[in-house]
Amino acid sequence: MKNIFLMLTIIFAIGCKDSPKVKQEVLENTDSISLSEIDTKINDSLLLEKGKMYAQTTQKVLGKNLMLNIQKNRPLGAVAFCNEKAYPLTDSMATVHHAKIKRVSDKPRNQNNKASKKELEYIEFFKSKINNNESYEPILTSENGTTNFYSPIVTNTMCLNCHGVPETNIDPKVTQLLNDTYPYDEAVGYKENEVRGIWSISFKDE
């Protein structure tokens, strides 16, 4: 009986001695990050990728249709496409993704695309990053179970046909059509690799 009691005492003592060591190793392996913080980081990563996918797939649909119209009717076709088809196609993609998808700007062509005060701040943030050749990620915010995703729309050579400098990049006929179609147009004067606006996308945190 004494021997059994002695063995149990030794086992208990060894177990108690090892417990703090195991706990310390766990803390060292996680670098003191709590499980809730890890969950948040994983969740943010998934939401970020979802926002990127929504923007990229919508841009792909718009870009494909824009190119088809340019091939048929040159830059004049691009103006007609943006005026007549860009909104319906964007709304269609929003329905597919169960999200709100907008393109907004500090210099809108269509006044319906005018950025809000908060969106203007994000536009300036992306302008600063791109102008200084600094790395950046899209912006994520969360409010009442809804994620808001913001990512820059940056000009390339094709954009300048309608958004560049009149008479330098933009054909006079295109300029005339733009003036007739968008009397309050501000979306000109851009060069390559400049922030023309941002994707503003909202979706449920699911």
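Modeller: Let us begin with a term: a residue is buried under 20% relative accessible area, exposed over 50%, and partly exposed in between (1.4 Å probe, protein chains only). Please note that this is a predicted model, in which local features need pLDDT of at least 70 and side-chain atom pairs count only at pLDDT 80 or more, while totals for chains, interfaces and linings use all residues. Residues are numbered from 1 along each chain as its sequence is written, and side-chain values use heavy atoms, with hydrogens and water left out.

Biologist: Which residues of α3 are buried?

Modeller: Helices (H or I, at least four residues) and strands (E, at least two) are DSSP runs, numbered from the N terminus. An α-helix has 3.6 residues a turn, so residues three or four places apart point the same way. In α3, the buried residues are A86, T90, M93, A94 and H97. They cover an arc of only 105° around the axis, which puts them on the same side of α3; the arc is that of the directions from the helix axis to the C-beta atoms. The exposed residues T95 and V96 lie on the face turned away from that buried side.

Biologist: In what order do the four strands of the open sheet stand?

Modeller: Strands of a sheet pair through backbone hydrogen bonds, either parallel or antiparallel. Two strands are said to pair if DSSP finds at least two bridges between them. Here the order is β1-β4-β3-β2, and the pairing is antiparallel. β1 (100-104) and β2 (139-143) stand at the edges with a single partner strand each, so one side of each is left without a neighbour in the sheet. From one strand to the next, the twist averages 20°.

Biologist: How many bridges join β1 and β4?

Modeller: β1 and β4 (residues 195-204) pair over five bridges, in the antiparallel sense. One detail concerns R103, whose bridge partner in β4 is W199.

Biologist: Where is N133 found?

Modeller: N133 is found in the loop between α4 and β2. Its phi is near 55°, a positive value in a residue other than glycine. N133 is exposed, with a relative accessible area of 71%.

Notes
Axes fitted to C-alpha atoms, helices over the stretch in contact; angles between N-to-C directions.
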